[in-house]
Amino acid sequence: MTSADVVDRRPIVIVPVGSWEQHGAHLPFDTDTVIAVELVRRVVERLTDIPLFPTDPIAFGNSGEHGDFPGTISIGRETTTKVLVEIARSCDWADGVVFVNGHGGNAQAIHDAMEIIRFEGRRAMAWSPTTTDSHDTHAGHTETSVMLAIDPSRVRMDRAVKGVTEPLDQLLDLMRESGVRAASPNGVLGDPRGADATHGLALLDDWEESLSSSIHLWHRVRP
Ligand SMILES: [Zn+2]
């Protein structure tokens with residue numbers, strides 16, 4: 001697609017939002033980005049009745065709590081918010097922006113960005129996958145299974161070890177104050193052993209369904 005293909009079209013811009021942070025010893029730094037990109041790819045293929053305009057992902061996010069682990073790169077909450085706001089501001093040639101977020105740590109930044117974007121009178125929506133298992137929130141069974149479904153060559157199952165499995169709400173205060181390493185020395189929140197691609201594929205299908213219907217609903221409601 002070139003600029004000539006966008007003239008007279010007013011598409012919906014859809015942007016994967018990820019992170020670059022440690023995901024234990026067995027998953028790559030861009031795990032959240034890979035998942036967001038895959039979900040965008042799926043809905044663009046599926047929602048042929050909506051003119052979606054996918055972009056490259058935002059590859060860095062708010063990952064300060066993982067900073068104790070070498071390799072992690074964070075741009076912080078405020079900068080993440082600003083990046084999203086500026087993207088929306090520069091998309092006035094489009095009919096709105098959809099942010100598809102793969103990183104839980106971006107939630108507050110995205111919430112803040114959406115308030116500013118909507119206050120300024122622009123159309124935007126944000127979506128994040130939900131998991132019901134609060135004992136398995138980072139590099140555990142869920143994320144590892146999803147990565148196995150997307151690209152098993154990027155998963156080192158021989159290195160997968162159990163992390164801390166207390167529910168997230170019992171760990172959040174400690175992680176906010178002292179970082180993820182204080183709560184989980186190996187950086188894993190959950191247990192990736194026994195992760196499997198079939199489960200990952202089922203999760204991706206569910207998320208694709210949820211994201212697609214969210215975009216449909218949002219697209220239908222005109223201000
Ligand atoms: Zn992740």
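Student: On what basis are the residues numbered and the features selected?

Tutor: Residues are counted from 1 along each chain as its sequence is written. The model is predicted, so that local features need pLDDT of at least 70 and side-chain atom pairs count only at pLDDT 80 or more, while totals for chains, interfaces and linings use all residues.

Student: In what order do the 4 strands of the open sheet stand?

Tutor: Strands (E, at least two residues) and helices (H or I, at least four residues) are DSSP runs numbered from the N terminus, and two strands pair if DSSP finds at least two bridges between them. Strand β1 (residues 12–17) pairs with β2 (residues 52–54) over 3 bridges and is joined to β3 by 5 bridges. Strands β3 and β4 pair over 4 bridges. The pairing is parallel, and the order is β2-β1-β3-β4.

Student: Which are the edge strands?

Tutor: The open sheet runs in the order β2-β1-β3-β4. An edge strand here pairs on one side only, and the two that do so are β2 and β4.

Student: Why is β1 described as largely enclosed by the rest of the structure?

Tutor: A residue is buried if 20 or more other C-beta atoms lie within 10 Å of its own, exposed if 12 or fewer, and partly exposed in between, with C-beta atoms placed from the backbone. In a regular strand the side chains alternate between the two faces of the sheet. In β1, Ile-12, Ile-14 and Pro-16 are buried on one side, and Val-13, Val-15 and Val-17 on the other. Strand β1 is therefore largely enclosed, its buried residues being 6 of the 6.

Student: Which helix lies between β1 and β2 in their β-α-β unit, and what is the unit's handedness?

Tutor: A crossover is right-handed if, with the strands pointing away from the viewer, the path from the first strand over the helix to the second runs clockwise. The helix lies across β1, β2 and β3, at about 155 degrees to β1; axes are lines fitted to C-alpha atoms, for helices over the stretch in contact, and angles run from 0 to 180 degrees between N-to-C directions. The helix is α2, and the unit is right-handed.

Student: Against which elements do the buried residues of α8 pack?

Tutor: The 24 residues of helix α8 (residues 197–220) should span 34 Å at 1.5 Å a residue, and its end C-alpha atoms are 34 Å apart, which agrees; the expected span is 1.5 Å times one less than the number of residues. Gly-200, Leu-204, Trp-207, Leu-211 and Ile-215 of α8 are buried. Contact is taken to mean that C-beta atoms, placed from the backbone, lie within 7 Å; by this criterion, Val-100 touches Leu-211 among other residues. The buried residues of α8 pack against α2 (31–46), β3 (97–101), β4 (124–127) and α5 (141–150).

Student: Is Ala-88 buried or exposed?

Tutor: Ala-88 is placed in helix α3 (residues 76–89). Beyond its neighbours within four places in sequence, Ala-88 is in contact with Val-97, Ile-117, Arg-122 and Ala-124. Because it has 24 C-beta neighbours inside 10 Å, Ala-88 counts as buried.

Student: Is Asp-8 buried or exposed?

Tutor: Asp-8 lies in the loop between α1 (3–6) and β1. Although Asp-8 is not a glycine, it has a positive phi of about 65 degrees. With 5 other C-beta atoms within 10 Å, Asp-8 is exposed.

Note on methods: Two residues are in contact if their C-beta atoms, placed from the backbone, lie within 7 Å.
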